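Q: I am new to this structure and would like to learn how to read it step by step. Could we go through it together?

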Amino acid sequence: QVQLVESGGGLVQAGGSLTLSCAASGSIFSINAMGWYRRAPGKQRELVARIISGGSPDYADSVKGRFTISRDNAKNTVTLRMSSLKPEDTAVYYCNAYGLTHSGPNFASWGQGTQVTVSS
């Protein structure tokens, strides 16, 4: 009942920049947190960055200083600005959000994933 639609991603050379965006829609009463995860080939999905309501952004150590996450609470969107990209940032990036629906139950939703490929 809560859908996440991602945009952005693509192919970029090492040292370049990309921006990922994610918009949540549906029966949303409140969103507790929005963030980005990634899964590289042969690896488990890992947290990249997230913003919990009322808190400061969390970043994976590997992206600190290079990635910036921001959230627009009014629009239920989250954006990940990635700079100084490295080949090891190559992965499928997934948007994630969890919170409350208007009907009461919690939701925890994932986007469909967007490919980020960084060439050396």
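Q: What share of the residues of the protein chain count as buried?

A: In this predicted model, 42% of the 120 residues of the protein chain count as buried, where buried stands for under 20% relative accessible area. The protein chain exposes about 6,300 Å², and carbon and sulfur atoms supply 48% of that area.

Q: How many helices and strands are there in the protein chain?

A: The protein chain has 0 helices and 11 strands, and the pattern read along the sequence is accordingly β-β-β-β-β-β-β-β-β-β-β. The radius of gyration is 14 Å, close to the 14 Å that the globule rule gives for 120 residues, so the protein chain is as compact as a globular protein of that length. Along its principal axes, the C-alpha trace spans about 50 × 25 × 25 Å.

Q: How do strands of a sheet pair, and what order do the strands of the open sheet have here?

A: In general, strands of a sheet pair through backbone hydrogen bonds, and the pairing is either parallel or antiparallel. Here an open sheet of 4 strands runs in the order S1-S3-S8-S7, and its pairing is antiparallel. Strand S1 (2-8) and strand S7 (67-72) are the edge strands, each of which pairs on one side only, while the twist from one strand to the next averages 15 degrees.

Q: Which residue in S8 is the bridge partner of Thr68?

A: The partner is Arg81, and S7 pairs with strand S8 (residues 77-82) over 6 bridges in the antiparallel sense.

Q: What percentage of contacts between residues at least 6 apart in sequence join residues at least 24 apart?

A: Among those contacts in the protein chain, 56% join residues at least 24 apart.

Methods: Residues are numbered from 1 along each chain as its sequence is written. This is a predicted model: local features need pLDDT of at least 70, side-chain atom pairs count only at pLDDT 80 or more; totals for chains, interfaces and linings use all residues. Side-chain values use heavy atoms; hydrogens and water are left out. Two strands pair if DSSP finds at least two bridges between them. Helices (H or I, at least four residues) and strands (E, at least two) are DSSP runs, numbered from the N terminus. Axes are lines fitted to C-alpha atoms, for helices over the stretch in contact, and angles run from 0 to 180 degrees between N-to-C directions. The radius of gyration is taken over C-alpha atoms; the globule rule is 2.2 Å times the number of residues to the power 0.38. Buried means under 20% relative accessible area, exposed over 50%, partly exposed in between (1.4 Å probe, protein chains only). Contact means heavy atoms within 4.5 Å. Accessible areas come from the Shrake-Rupley method with a 1.4 Å probe; for residues, only the protein chains shown count as cover.
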